[in-house]
Amino acid sequence: MPEISTNKRINDFLADEGKLLINNEWRSALSGKTFDTPNPTTGQTLATVADAQAEDVDAAVAAARTAFEGEWSALTPSARAKYLWKIADLIEEHAETLAELDSLDNGKPKLQAQFVDVAVSADVFRYMAGWCTKLEGNTMTVSTPYAPGAMFHSYTLREPLGVVGLIIPWNFPLMMCAWKLAPALACGNTAVLKPAEQTPLSALYLGELLIEAGLPAGVVNILTGQGETAGAPLSAHEDVDKISFTGSTEVGKLILGAARGNLKKVTLELGGKAPNIIFADADVQAAAEGAANAIFFNQGQVCCAGSRLYVEAPIYDQVIETLSTIARSIKVGDGREADTVMGPLVSAEQLARVSGFVEGGLADGATASAGGARIGGGGYFFQPTVLTSTRPDMAVVQEEIFGPVVVANRFENLEEVVAAANDSIYGLSAGVWTKDISRAHRVAKRIQAGTVWINCFNVLDASLPFGGYKQSGWGREFGHEVLNAYTQTKSVVAMI
């Protein structure tokens, strides 16, 4: 395979067949199967990796179980924290390599990957390291009405669940690894991680860093493979205590069905169709730039993307004109070029999906005030697109497109826009733009979403809980609330 990078480490990494990480050993799939991962910028093969099957899932789960019941459980919380700190340090040391791998494998701009994805990944490991020593219970002295005079000393313990399966999406390959691995390990669990088949490379590279950090064998196992042949058996595995999944609502429902066999715990961070509301008193330029960031960041392949734009009538035309001008000015190209703002979509399948939605919307009466078509030539590029003249019943308004496509509507009053914003099966995020901060808080309270941004968008922090209402999922990532996803509470009662 010809060299693709000026970074020798990347060329060497891509030249080797990607193996499965099981019990700190790199192994081929037991079946010998492999699959190719393409470069979305060119459509050509980028690397070849192992294609895990059910028997590989069994081996990985067994290694995780042995580690959980052995060396990992014997560690003190502060010792676990040291591992997480070391992992964060190594992520930063290899930041440029990890960023370029995500740019090659996913298509996203390298600078974005380095200063968002990689930086956030290191930060999440450090934040969660701090929780290792703070998983505390409570003490209580209790009595019962059916045992007069008897007193009981009681306390609660917060304990890890055991072996957790972590299934991550392709839109933020490295960052999603960190979002799930860091809290799972901080709480004392062991893990089997399955990256998306479209973007397995940064997860495999992270596996090398986990070994370098000295993480005990079996604590983290990494399986590359397809959803049907690796993700499904992991979700249904009788010796897995919990599944945490980020991806589509459709697949999330399948995982729920697979998990019912042993009633394993489930966390789901699923789809979104976020409303982004601009009131007439907002700063038009700032709001339009915010709306562009909300939908075109990461090629629009973001579950919380501001894909439904609602603009109050007096400034509607001005906002749409400004937003459309921004869209037309965006440099779309190879993510490794310094001036690229938007790279390709992740795959041919995703390009076909986005194209299909936009073509259907235009045929149904929508108008493209910017974009509206794929960009020809090699690779999976699509124009930043602004659709107007849409109706609430259109598929482009109701369904998650997961691409750089925003549908814009005007509104006349607050009641109208709140009703429209909540007219969705999703409830992951929303945005509100106004100089009236009291109104902003009133609207935020009425929006059915797990996160509401005021005069900003896409602001995330490891301390802020993130998750959805309605069909956008169950549970929360980040903050102290994520600890509930990876621990269980035990009550202990002793007569005194």
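The expected span of a helix is taken as 1.5 Å times one less than its number of residues. In this predicted model, helix α8 (residues 201-212) has 12 residues and reaches 17 Å from its first C-alpha to its last, which is close to the 16 Å expected at 1.5 Å a residue. Helix α8 is also mostly covered, with nine of its 12 residues buried; among these buried positions are Leu201, Leu204, Tyr205 and Leu209. After the helix comes Gly214, which has a positive phi near 85 degrees.

Strand pairing gives a second view of the model. In general, the strands of a sheet are paired through backbone hydrogen bonds, in either the parallel or the antiparallel sense. The pairings described in this report are set out below.

| Strand | Partner | Sense | Bridges |
|---|---|---|---|
| β13 (residues 308-312) | β16 | parallel | five |
| β15 (residues 385-388) | β16 | parallel | three |
| β6 (residues 152-160) | β22 | antiparallel | nine |

Strand β16 (residues 405-411) has six of its seven residues buried, and it is therefore largely enclosed by the rest of the structure. Its pairing with β13 is parallel, and within that pairing Leu309 has Ala408 of β16 as its bridge partner. Strand β15 also runs parallel to β16, and here Thr385 stands opposite Val405 of β16.

The antiparallel pairing in the table belongs to an open sheet of three strands, arranged in the order β5-β6-β22. Strands β5 (139-142) and β22 (487-495) lie at the edges and have a single partner strand each, so one side of each is left without a neighbour in the sheet. On average, and with direction ignored, neighbouring strands of this sheet are turned by 25 degrees against each other. Between β6 and β22, which are joined by nine bridges, Glu159 has Gln488 of β22 as its bridge partner.

Glu477 lies in the loop between β21 (473-474) and α17 (483-486). The side chain of Glu477 is joined to that of Lys180 by a polar contact of 2.7 Å.

Note on methods
Residues are numbered from 1 along each chain as its sequence is written. This is a predicted model: local features need pLDDT of at least 70, side-chain atom pairs count only at pLDDT 80 or more; totals for chains, interfaces and linings use all residues. Side-chain values use heavy atoms; hydrogens and water are left out. Buried means under 20% relative accessible area, exposed over 50%, partly exposed in between (1.4 Å probe, protein chains only). Helices (H or I, at least four residues) and strands (E, at least two) are DSSP runs, numbered from the N terminus. Two strands pair if DSSP finds at least two bridges between them. A polar contact is a pair of N or O atoms within 3.5 Å; within protein, one must be able to donate a hydrogen and the other to accept it, and residues adjacent in sequence count only if both atoms are side-chain atoms. Axes are lines fitted to C-alpha atoms, for helices over the stretch in contact, and angles run from 0 to 180 degrees between N-to-C directions.
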